[in-house]
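Here is a short briefing on one protein chain. Look over the sequence and the model first, then read on.

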Amino acid sequence: MMDYETIIGLEVHAELSTKTKIYCNCTTEFGGEVNTHTCPICTGQPGVLPVLNKKVVDYAIKVGLATDCSITPLGKQDRKNYFYPDLPKAYQISQFDLPICTNGKVEIEVDGLKKDIGLTRIHIEEDAGKLLHEAVDGTLVDYNRGGVPLIEIVSEPDLRSEEETREFLNQLKAILEYLEVSDCKMQEGSLRCDVNVSVRPKGQKELGTRTEMKNVNSFSAACRAIKYEAARQIEALEDGEVISQETRRWDDDKGKSFTMRSKEDSHDYRYFPDPDLVAISIDEQWIKRIHDELPELPRAKVERYIKIYNLSDYDAGQVAGNKAMADMLDEAVKLGASAKFTCNWLLGDISKILNDKNMEASEIPFTARHIADMISLIDKKTISNTAGKKVIDELFDSPRSVEQIVKEKGLAQISDEAALLSVVDEVLKNNEKSIADYKKGKTNALGFLVGQAMRLSKGKGNPQMFNDMIKRKLDSL
Ligand SMILES: [Zn+2]
């Protein structure tokens, strides 16, 4: 079999977190009773006129500047015509030939290799309504989402693997979160992507025919979809088939993609300038104002964490890749906590609990102050590391002061030798095999015994004292 290369390009839609919709004053809030966040404009009644929400352009410029795009001095909005019940006007207002941003890039790093992924364009458009197929009598439609502002970020076909795709999406999400232009909640559809995949024999210059996959709802689904689609195309080519340009629907439960329709070309949409909207003129001052508002971006943060906080490349990347975590780290350091310890807690126990609870870091119910207080108690040896873990558990369940938790749960460390002695005796009595191992020179048996003592003391014993006491006993045996 020939050696193939997979070529991936993405179209990422991000819902912008403006208070109101793109062309009317309806709220953009997620959910709500069906068809209550609506008005004559966003339901496309005859005779109404849309007025562009300036914040939407602000946000698009912001994303453009953060991704090294050129900002157009003159943008316009166009009607993209298609007929579908989620679109009451039978056209979507989007941008065709004069998008707000063009020609940008996002830097990714996979396996230590840095690479720029080009951005073809970023344009603004309105979201469509939502079809509710689960309705008892056929399908109903909810227009609450109709008219919520979106930016569509189109990448160049620069991605070559699932890993690169995941990293690109992570970086892009981090940028959007840092800029605070989108809440990026994938489960609420705030961030969605269409994945374009083609394959070509390695060494071939021209691109193969691509297919576009819709309905990709998570980063891991994007990776699964790419893997499946590349394999499907390679198999077809090996069988002598021709890949047809088409739009496919990704079914993540089945782990397969299915033909939806042959891919439209842009002329199928009969784009033309929306006569109800004026041109968007963006001058230098506007761009400068947005530029001055840009926060420290993820890449800069990674560098600062490595240089100033002395974190490893990996840790710095992990924390900086998540705005909520990065904010917590910076805040805890300001409160006097060590960056390294805070980072370990964030990436260790706290991340594990977030995973178990299926929560985002932005949903952590406690503050950097809690982490800083907990670390300070560990530093002062008032509580052990193990007790620190209990404090974190308690903070997740019901956030209250660390001191209160330590008192309530009796977590203060016991450093009284007499009190620890009974625990040590008990552990040695029950672990004869480990004692024998230690005597045979297996020194890690000591660590095991200390662990047992910590467990027996419910994490309250002073681990260093346990270590010293057990070692002394063992050596005297
Ligand atoms: Zn409205």
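Is Asp475 buried, partly exposed or exposed? Asp475 is partly exposed, with a relative accessible area of 43%. This is a value from a predicted model. The chain has 477 residues, and 48% of them count as buried. Its domain assignment lists domain 1 (4–289), domain 2 (296–408) and domain 3 (417–476).

**Overall build**

- The chain holds 15 helices and 16 strands.
- Along the principal axes, its C-alpha atoms fill a box of roughly 90 × 55 × 55 Å.
- Take the contacts between residues at least 6 apart in sequence: 68% of them join residues at least 24 apart.
- The whole structure contains 48 salt bridges.

**Zinc site**

- Four cysteines supply the protein donors of the zinc ion: Cys24, Cys26, Cys39 and Cys42, each through SG.
- These donors lie 2.3 to 2.4 Å from the zinc ion.
- The arrangement is tetrahedral because the four donor atoms subtend angles of 102 to 115° around the zinc ion.
- The spacing of the donor residues in sequence is C-x1-C-x12-C-x2-C.
- Cys26 and Cys39 are 13 residues apart, and the pair links distant parts of the chain. Both sit in the loop between strand S1 (4–15) and helix H1 (54–66).
- Cys26 has a relative accessible area of 10%, so it is buried.

**Domain 1 against domain 2**

- The C-alpha centres of these two domains lie 34 Å apart.
- On the domain 1 side, 14 residues are in contact with eleven residues of domain 2.
- Together the two domains bury about 990 Å², with 51% of that area on carbon and sulfur atoms.
- Glu107, Glu177 and Tyr178 supply 51% of the area that domain 1 buries against domain 2.
- Four salt bridges are counted between domain 1 and domain 2.
- Glu107 also pairs with Arg299 in a salt bridge, and their closest N and O atoms are 3.3 Å apart.

**Salt bridges in and between helices**

- Side chains of opposite charge can pair when their charged atoms come close.
- Glu229 and Arg232 form a salt bridge with an N to O distance of 2.7 Å. They are three residues apart in helix H3 (residues 219–238), so about one helical turn separates them.
- Glu229 counts as buried because its relative accessibility is 0%. Arg232, at 22%, counts as partly exposed.
- Asp315 and Lys340 form a salt bridge, with the closest N and O atoms 3.1 Å apart. Asp315 lies in helix H6 (residues 313–320) and Lys340 in helix H8 (residues 339–357), so this pair ties together parts 25 residues apart in sequence.
- Asp315 counts as buried at 13% relative accessibility. Lys340 counts as partly exposed at 34%.
- Lys471 forms a salt bridge with Asp475, where the closest N and O atoms are 3.1 Å apart. Both residues lie in helix H15 (residues 463–476), four residues apart, or about one turn of the helix.
- Lys471 is partly exposed at 36% relative accessibility, and Asp475 is partly exposed at 43%.
- Salt bridges with shared partners also join Glu15, Asp127, Arg145 and Arg192 into one network.

**Positive phi angles**

- Most residues other than glycine have a negative phi. Two residues to check come next.
- Asn35 is not a glycine, yet its phi is positive, at about 55°. Asn35 is found in the loop between S1 and H1. With a relative accessible area of 32%, Asn35 is partly exposed.
- Asp111 also has a positive phi, near 50°. Its place is the loop between strand S6 (101–110) and strand S7 (113–126).
- Is Asp111 buried or exposed? Asp111 counts as exposed, because its relative accessibility is 77%.

Notes: Residues are numbered from 1 along each chain as its sequence is written. This is a predicted model: local features need pLDDT of at least 70, side-chain atom pairs count only at pLDDT 80 or more; totals for chains, interfaces and linings use all residues. Side-chain values use heavy atoms; hydrogens and water are left out. Donors are N, O and S atoms within 2.8 Å of the metal (3.2 Å for Na, K and Ca); water is not among the atoms, so sites may look incomplete. Four donors count as tetrahedral if all angles lie between 85 and 135 degrees; four count as square planar and six as octahedral if opposite donors are over 155 degrees apart and all others between 65 and 115; anything else is irregular. Helices (H or I, at least four residues) and strands (E, at least two) are DSSP runs, numbered from the N terminus. Buried means under 20% relative accessible area, exposed over 50%, partly exposed in between (1.4 Å probe, protein chains only). Domain bounds come from an automatic or database domain assignment. Contact means heavy atoms within 4.5 Å. Buried area is the accessible area (1.4 Å probe) that two parts lose on being put together, summed over both. A salt bridge is a side-chain nitrogen of Lys or Arg within 4 Å of a carboxyl oxygen of Asp or Glu.
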